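Please look at the sequence and the structure below, and then follow the text through the contacts between protein and DNA.

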Protein chains: 2
Amino acid sequence: MIDTATNQTSRSNVSNVLRQAGLRPTRQRVSLAELLFSKGDRHISAELLHEEAVGADVPVSLATVYNTLHQFTEAGLLREVAIDGTKTYFDTNVSDHHHFFIEGENRVVDIPGDGVGIGEVPEAPEGMEIVRVDVIVRVRQKS
Amino acid sequence: MIDTATNQTSRSNVSNVLRQAGLRPTRQRVSLAELLFSKGDRHISAELLHEEAVGADVPVSLATVYNTLHQFTEAGLLREVAIDGTKTYFDTNVSDHHHFFIEGENRVVDIPGDGVGIGEVPEAPEGMEIVRVDVIVRVRQKS
DNA sequence: ATTTGTGCAAATCGTTTGCATCTGA
DNA sequence: TCAGATGCAAACGATTTGCACAAAT
């Protein structure tokens, strides 16, 4: 895995994506992108991604993780999920979908399939346009 | 307005509500409750309420504002609206409804009437039950 | 060579907490 | 009286920022 040659293909794919997003494919960005996008859909906090990176022999500073997450978000590679309170989650699934938030565990999960549709999207107020509709279904362990 | 006699009625109404909620009607709580509930539906942050109180000759500490907002929330007098990570908003409208979030202005507005219905509420995952469904329609100034 | 990114530590912001002091019943 | 409430300042956790150094084109 650490062998550069065997990683050639995967790394250069990532590199191209970054380049197309106008971001220099630096070591850190490439590694973080691989962590983010090689495991299916994820909802991850900066802190957690940082730990993962460090654990994977990719020592990155937390500041860089934050920078990178925001840059990826601007580039449309990630979506910020504002759920609640303290932590910010980044969603690797950029398509139109909604979320369960598991209270107590503080976990975010995609709502599968087309589980929800908003019946009628309301009119935006005077002179406003809708940017996005977020639906968060808060769930808890059944008692 | 500062005359105690003329405020008798309004203040004692608030007092009773607080008492019924199991909260001592202290000076600060009564005053904050009046600020909160005498102007129709509001979406207010702790900081803003604090400024308002101080401006209205009700010097309260910020810590007490936080305490009070949380106590009111537990008592069902307020609802916490999680929009955006950083700030927490408290909604004086406790009934079932959803919100516009005005980006750029960072303002929260109730969605009027029955503007939205969630088409189909999705099944909660295995062993989970739905606590609440939040719909946030993010809007911005039309360009 | 120039531009852009990175790491560190300090700074910031909203919120919470510990504790001594006050207050309402 | 005395449990419960308040105020202050210090503590906190997540995120951001400033700046010297390093890496990418």
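**Protein contacts with the DNA strands**

A sugar or linking oxygen of DNA strand C lies 3.3 Å from a polar backbone atom of Thr86(B), a polar contact being a pair of N or O atoms within 3.5 Å, where within protein one must be able to donate a hydrogen and the other to accept it, and residues adjacent in sequence count only if both atoms are side-chain atoms. This is a predicted model, in which local features need pLDDT of at least 70, side-chain atom pairs count only at pLDDT 80 or more, and totals for chains, interfaces and linings use all residues. Residues are numbered from 1 along each chain as its sequence is written, chains are lettered from A and ligands numbered from 1 in the order in which they are written, and side-chain values use heavy atoms, with hydrogens and water left out.

Of the atoms of DNA strand C within 4 Å of the protein, 78% belong to sugar and phosphate.

DNA strand D is likewise surrounded by 21 residues, the closest being Tyr66(A), His70(A), Thr26(B), Arg29(B) and Thr64(B). A phosphate oxygen of DNA strand D is 2.8 Å from an N or O atom in the side chain of Thr64(B), and one is 3.4 Å from such an atom of Lys87(A).

Technical notes: Near = heavy atom within 4 Å.
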